[in-house]
Amino acid sequence: MIRPKIPVNPTPTGLHTPPAVIQPTTITPGNPVPPAPMTPAPAPARPTVQLTPGAVIAVAGMGTAVVLVVGAVLVSMLLAVAITGTSVAVCALVIRSILSTDTRR
């Protein structure tokens with residue numbers, strides 16, 4: 001009922017199409033195109049970025065916020081690992097204590 005059904009491939013009939021015949025083509029030489037003169041491309045006009053004192057303070061504030069958030073995440077991950085390790089160590093001590101008192105009796 002739950003067994004997978006394996007599809008049965010039909011046996012080949014032996015009929016197949018012959019491979020296509022590749023006909024040689026003639027190559028006609030074309031006229032060579034002279035290379036374009038090497039002129040430097042004009043530099044794109046880029047607007048100059050002017051930072052106002054308010055923009056500098058905003059950028060510094062955003063950088064500080066990013067550093068604080070990343071630091072909080074890393075500290076919380078370290079704390080989670082430390083708590084997990086401590087709980088595993090306590091469990092190991094309890095299990096060892098239970099097993100050692102059981103063998104003494």
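The model is predicted.

View 1. The accessible surface comes to about 11000 Å². Carbon and sulfur atoms hold 73% of that surface. Helix 1 covers residues 53-104.

**View 2. A nonpolar patch lies on the surface.** Six names to find here: Val 66, Val 69, Val 70, Val 73, Leu 74 and Met 77. Together they have about 550 Å² of accessible area.

**View 3. Leu 74 sits in helix 1.** Is Leu 74 buried or exposed? Its relative accessible area is 52%, so Leu 74 counts as exposed. The cut-off for exposed is over 50%. Leu 74 also belongs to the nonpolar patch, along with Val 73 and Met 77, among others.

**View 4. Ser 76 is another residue of helix 1.** Its relative accessibility is 41%, so Ser 76 counts as partly exposed.

**View 5. The side chain of Ser 76 meets the backbone of Val 73.** Which atom of Val 73 is involved? Look for the backbone oxygen of Val 73. A polar atom of the Ser 76 side chain lies 2.7 Å from that oxygen. Val 73 is also one of the residues in the nonpolar patch.

Note on methods
Residues are numbered from 1 along each chain as its sequence is written. This is a predicted model: local features need pLDDT of at least 70, side-chain atom pairs count only at pLDDT 80 or more; totals for chains, interfaces and linings use all residues. Side-chain values use heavy atoms; hydrogens and water are left out. Accessible areas come from the Shrake-Rupley method with a 1.4 Å probe; for residues, only the protein chains shown count as cover. Patches are made of residues with over 30% relative accessible area and no salt bridge: like charges are joined within 9 Å, nonpolar side chains (Val, Leu, Ile, Met, Phe, Trp, Tyr) within 5 Å. A salt bridge is a side-chain nitrogen of Lys or Arg within 4 Å of a carboxyl oxygen of Asp or Glu. Helices (H or I, at least four residues) and strands (E, at least two) are DSSP runs, numbered from the N terminus. Buried means under 20% relative accessible area, exposed over 50%, partly exposed in between (1.4 Å probe, protein chains only). A polar contact is a pair of N or O atoms within 3.5 Å; within protein, one must be able to donate a hydrogen and the other to accept it, and residues adjacent in sequence count only if both atoms are side-chain atoms.
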